[in-house]
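Subject: Structure handover

Hi,

Here is the structure I promised to pass on.

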Amino acid sequence: MSVICTGRRLMAIIVSLSLILQSGCGFKDIDKRVFVLSIGVDHTDNEERPYKVILKLAIPTGSLRESGTEFTYLTKESESIASAIRLLKTHADKELDFGHAKVIVFGEDLLHHDLTEIADFFVRRRDIQRVSWVAVGSPNAEGVLKTQPSSEKAGSALFNLFDQNGVESAYIVSTYLFDFRRRMIETGFDPILPVLSSSNDKKKIVVNSSILFAKNKHPFKLSPRETKFYNLLANNTQKLDLIVNRDDLIYTIAVDTAKTKYKLVTNTKNKPGIKLDVSVKGIIEESNKQMDPSQLSTYSKYASEMAKKEITELLKKLQEYDADPIGFGLRYKATRLHTRDTFKEWEELYPELAFDVNVNVSIMSTGIIE
Amino acid sequence: MNRYFIYLVFVNMVANVVASVPKILISQRSEGALLSMIISYILGLVFCYLCARFFNLFPGEGLPDLTKKYMPRWFSFVILFVIAVTWYIAGLITLVTFSFLLKRFLTPDMPLSWITITFLLFLTYGILLNSKSVLYTVEFVLICSLPFVFIITIKAYTSHELNWDFIGESLMYIHNPPSFTAISASAYLLLGGFNLIIFNRLFKKKQQINWKNMLFIALIGGTALVTTYFIPIGMLGFDAVGDVVYPWITTSDSLRLEFFIVERVIYIFLLLYLAISFLSVLIHWHVTLELLKSIIWFKKFQLKKRNLTPYLFLSFFWVASLIAVSYLTEYHLIQYSSYFLNFLLCSFVVMFSLFLFIKRRAKV
């Protein structure tokens, strides 16, 4: 019995001692690491070294209060992103840690080239978060990364713009890396990325437009207004404003809740179409005249008509360009039994679709005053 | 049935992720994975029920005890040896897959053999425990980890990024004829009950599996199967999910817990599955060891009045897993797992004829 007991005890000791070995091997102390906050990739016009990689690094400091915002940048041109990063490792005296890289910025020039290889690098590496945000830098990624907005705190580095806890805005499209990848590969669901534009004095970053690239097409920019309505349709964005201008009366509605539903109607009798229902609830935020509470339904009607016009215009534009960021094609594939090539069918169908948009705006209040 | 039986069934349902089941199913997504899942769901439930019914007839007796009683010695030796090897491989697949996962995601700078050795150390300690302590361990670890599994599942289903149209697209392939590979892969989820071949020794009281137990197993099993298959498709895309090596790990990295201590779900997920795959290997290898002990026992192989036969088996366990981990590549691992799962399903024909035979002989 005692032999068994000592055996067990010995075993337990060996097992617990093995834990010490565990940490000995793979672990690097935090003071031997430097954290990459964001990664930028630009296209150089050099054929041999087409990629320029920019890393924004946070400089670790002892106390947060004194540190303020301290960053440093590493830049390298190379034939592939991986080799650029291998070379950049020799530019810093610490191990580069990508585990906290939250934003990946592609330069605008890069979009005119094949993005597959670049997307591949980020998805293949294990230490880059699949929940990092992807954006397009205008005029280039370097400019955007090197911009230091005055309001920026150490470490925040752009990501407050995209996660919906900081800035909440209908003008911002947020695309996660995994979302970007699935849109790149899937048919009937096209990638769309927010555009970060830096001002010339490197003090301000504006992100209110977006860029759309349908497969085998040139990238195509959506204006802030279009981006807003795209967000309403695709993401049910709630921090939205609708500006209505009708017979000298100009008023703005702040939207609380929005919901979009759509259905593909392709029965043989009618022309194939998309029936899109948007219901929006909100209150009046600003007006150039006194508002009459009894007229709320009329105001709602005006707003509905306005939104309907805007949305139909956007959809027609997307159709004309043969782009599908909302995923109508995907919906088509998801509702028809795959007994034939349903996507091919959709490709022939999409240019001829009619849009039947119904917007139902209900204004609940005129705000604090009438 | 008592709750320990349910735990045994549970472990397989949760641990399927580290047995390449999602990968195999997803690779068959346009070749009849859906119908296969439905078939194997029914098949698995029937298997689970029959197995429980059979062992209910013999309270307190494991399969080795029964074969010894009712079968010729040589036959009992062969069949138990084959079953032991099958169970060993089942554990080995989980062990090797998880060592690969740890190497890839958690401790990339640590040598693969070191990771496996650490695992093996803990496992050695675990499988040498008596069966009762093994069940207690299973209960404790499961109770600690199931809430997290639950939270991650809920998080996945409620995620805004989960695109139901991809799931819809995968449903549009329902008319494709089922494939055997997919059937056997998804059946794995419901085969946990077969660990009764050893653990029934502990269930000494007469008990009966009833429809409430089965309903519970069916409900949980169905949810597990649906989640295993559809969530990676919904998160990663119907076409794009095809070239992901570990669909569930990548899926867990696509989830984000904004207000948790750790934002990236992947790390919670990996630690959780460290516990669960440990349990899975523990159960399988404990069964292997007990089966081997019942057929091979060297009476004179002793040191200080202590029989060393189990240690002999364990050294085989170690050597085989260290060899496997150093020779297998990720691709081969998935390939061989799929062969193994195919074999596993076929072997149940033998298992059930064995049950029938024993039942006839025992006249119960």
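In chain B of this predicted model, helix α13 (residues 265–295) packs on helix α14 (residues 309–327) at an angle of about 135 degrees, with the axes 10 Å apart. Axes here are lines fitted to C-alpha atoms, for helices over the stretch in contact, and angles run from 0 to 180 degrees between N-to-C directions. That angle makes α13(B) oblique to α14(B) (under 35 degrees counts as roughly parallel, over 145 as roughly antiparallel, 65 to 115 as roughly perpendicular and the rest as oblique). Trp285(B), Thr288(B), Leu289(B), Leu292(B) and Lys293(B) are the α13(B) side of the contact, and Pro310(B), Phe313(B), Phe317(B) and Ser321(B) are the α14(B) side, where contact means heavy atoms within 4.5 Å. By class that gives 6 nonpolar, 2 polar and 1 charged residues (Ala, Val, Leu, Ile, Met, Phe, Trp, Tyr, Cys and Pro count as nonpolar, Asp, Glu, Lys and Arg as charged, and the others, Gly among them, as polar).

Some bookkeeping: residues are numbered from 1 along each chain as its sequence is written, and chains are lettered from A and ligands numbered from 1 in the order in which they are written. The model is predicted, so to speak of local features takes pLDDT of at least 70 and side-chain atom pairs count only at pLDDT 80 or more, while totals for chains, interfaces and linings use all residues; side-chain values use heavy atoms, with hydrogens and water left out. Helices (H or I, at least four residues) and strands (E, at least two) are DSSP runs, numbered from the N terminus.

Also in chain B, α3 (residues 33–57) and α9 (residues 180–187) pack at about 45 degrees with axes 8 Å apart, and are therefore oblique to each other. α3(B) passes α9(B) in a right-handed crossing. On the α9(B) side, Ala182(B), Ile183(B), Ser186(B) and Ala187(B) take part, against α3(B) residues including Met37(B), Ile39(B) and Leu43(B). The contact has 7 nonpolar, 3 polar and no charged residues.

Over in chain A, α10 (residues 328–335) and α11 (residues 342–349) pack at about 135 degrees, axes 9 Å apart, which makes α10(A) oblique to α11(A). Their crossing is right-handed. Phe328(A), Gly329(A), Tyr332(A) and Lys333(A) meet α11(A) residues, among them Phe343(A) and Trp346(A).

Next, the second largest pocket, with about 1,400 Å³ of space. Of its 48 lining residues, Ala234(A), Asn235(A), Asn236(A), His160(B) and Glu161(B) are the closest to the centre. α8(A) gives the largest share of the lining, 5 residues. By class, the lining has 18 nonpolar, 17 polar and 13 charged residues. (On a 1 Å grid over the protein atoms alone, a pocket is an open set of points with protein on both sides within 12 Å along at least five of seven lines, and lining residues have an atom within 4 Å of a point; volume is the space filled by probe spheres set on the points, which are joined across faces, edges and corners.)

The peptide bond from Ser138(A) to Pro139(A) is cis, with omega near 0 degrees, and Pro139(A) is in the loop between β6 (133–138) and α5 (141–146). Asp247(A) has a positive phi of about 45 degrees although it is not a glycine.

Cheers

Technical notes
Left-handed = near helix turned anticlockwise from the far one by under 90°. 1 Å grid on protein atoms, 1.4 Å probe; cavity = no way out; pocket = protein on both sides within 12 Å on 5 of 7 lines; lining within 4 Å.
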